[in-house]
Amino acid sequence: MDNQSNERSFILSGFNETMNFTVPLFSVTLLYYCVILFFNISLVLLIVLDESLHEPMYIFLSSLCINALYGTTGFYPKFLSDLLSSSHRISYEGCLLQAFIMYSFVCCNLSILTVMAFDRYMAICRPLHYHSFMTKRRLSQLVCFSWLTPFCLFSINVLFTARLKLCGINIQRALCLNWLIFKLACPEADTFPNNISAYVIIAICYFHYVFIIWTYIYLIKTCVRSREDRVMFMQTCVAHLTSVIINAIVMTVDAMYLRFGSRDLPQSLQNFITLEFLIIPPVMNPLVYGFKLTKIRNRILKLLLKNKGLTVLYTQQVCFCL
């Protein structure tokens, strides 16, 4: 197996059952990726260009959308090119890079949702201290924390994986994930650092969820006492809570299937389960926040009505000229 361990590329076996419907799958995937780009870029531009949205909650939301662009760009372009290629290979370095992007994207998503929960806690439960605490400097620190912590954690995790001697080149999915590379390690490989790193990351992720649950316990207790707080909770927290629930369900299903899932399922279904975190949250997050947050919804409606008014005015001028 030494000759296999020296291979500098992997074969993505998850494409084996896609050869019969490559063109329809390519078309649907490209359209879906364009939808992801449109929704997330539009929301980021809306927040950046509208000064009334330069508040911590919306800054965190734009960070969430940028993270969605980061994660999906690490997968969809490569996936689309593989659909049109007869050779579904990825270089060793490219595989490690994609694994790093996928895991850091997921963990960044969770970290951003965590700091958003903290922001809502301070705004509703500690309103008198909110503006003095949530300064521009503190906001920058929270944004940096939500990005740098996952990047540091998974840099170490991927470095541990890179040192493993591998005895296989077939990855049974359509993308590279750290766990899938880890399973190719030779029996004699020292996997102890990888196991410790994995347990530390799992513990940190659970801490994030525990913190979110803790903040919502206090949020609900506070909102029960005041009608004004209940209105604020419904306007700003429901969208966030929906995103947290979607993220938790998707990641739990994905993690459980990667470790304990059956290989007897059709390959297409296996790929869908594995790719859920790249399919559902990147579209659902901007949709949920766009419809639920009053300021963003009103701003979108204002833009649509303005464009509609300009279109009607232009049509009337054309008709008058004719």
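In what pairing are the bonded cysteines of the protein chain joined, when numbered in sequence order? The pairing is 1-3, 2-4, as the views below set out for this predicted model.

**View 1. Confidence along the predicted chain.** The model shown is a predicted one, and its protein chain has an average pLDDT of 85. A score of at least 70 is reached by 91% of the residues. Among the elements of the chain, helix α3 (residues 56–73) has the highest confidence, at 94, and helix α1 (residues 2–5) the lowest, at a mean of 44. Residues 1–6 remain under 50 in pLDDT, and the model gives this stretch eight contacts beyond four places in sequence. Where pLDDT is low, the predicted coordinates should not be read in detail.

**View 2. Segments annotated as transmembrane regions.** An unreviewed UniProt entry assigns the annotation "transmembrane region" to residues 30–49, 56–76, 96–118, 139–160, 196–219, 231–252 and 272–291. In the model, residues 30–49 are 100% helix and 0% strand, and the C-alpha atoms at the ends of this span are 28 Å apart. Residues 196–219 are likewise 100% helix and 0% strand; here the end C-alpha atoms are separated by 35 Å.

**View 3. The disulfide between C95 and C176.** This link is part of a structure that holds two disulfides. The sulfur atoms of C95 and C176 are 2.0 Å apart, and the angle of -110° about the S-S bond makes the link left-handed. C95 counts as buried because its relative accessibility is 0%. C176 is also buried, with a relative accessible area of 0%.

**View 4. The disulfide between C167 and C186.** In this pair the S to S distance is 1.8 Å. The link is right-handed, with 100° about the S-S bond. C167 belongs to the loop between α7 (136–162) and β3, whereas C186 belongs to the loop between α8 and α9 (192–225); the two cysteines are 19 residues apart and link distant parts of the chain. C186 has a relative accessible area of 3% and is therefore buried.

View 5. C107 takes part in no disulfide, and the nearest cysteine sulfur, belonging to C205, is 4.5 Å away. With a relative accessibility of 4%, C107 counts as buried. C125 is likewise in no disulfide; the nearest cysteine sulfur is that of C223, at 6.7 Å. C125 is buried, its relative accessible area being 13%.

**View 6. The largest pocket and its lining.** The volume of the largest pocket is about 1000 Å³. Its lining consists of 32 residues, and those nearest the centre of the pocket are Y103, I201, I202, A255 and R259. At least two lining residues are supplied by each of α5, α7, α8, α9 and α10 (227–260). Helix α10 provides the largest share of the lining, 10 residues.

Methods
Residues numbered from 1 in each chain as written. Predicted model: local features only at pLDDT ≥ 70, side-chain atom pairs only at ≥ 80, totals over all residues. Heavy atoms only, no water. UniProt positions renumbered as here; feature names shortened; annotations may be inferred. Helix = DSSP H or I, 4+ residues; strand = E, 2+ residues; numbered from the N terminus. pLDDT = per-residue confidence, 0-100. Contact = heavy atoms within 4.5 Å. Disulfide = S-S within 2.5 Å. Buried < 20%, exposed > 50% of the residue type's maximum accessible area, 1.4 Å probe, protein only. 1 Å grid on protein atoms, 1.4 Å probe; cavity = no way out; pocket = protein on both sides within 12 Å on 5 of 7 lines; lining within 4 Å. Points joined across faces, edges and corners; volume = space filled by probe spheres on them.
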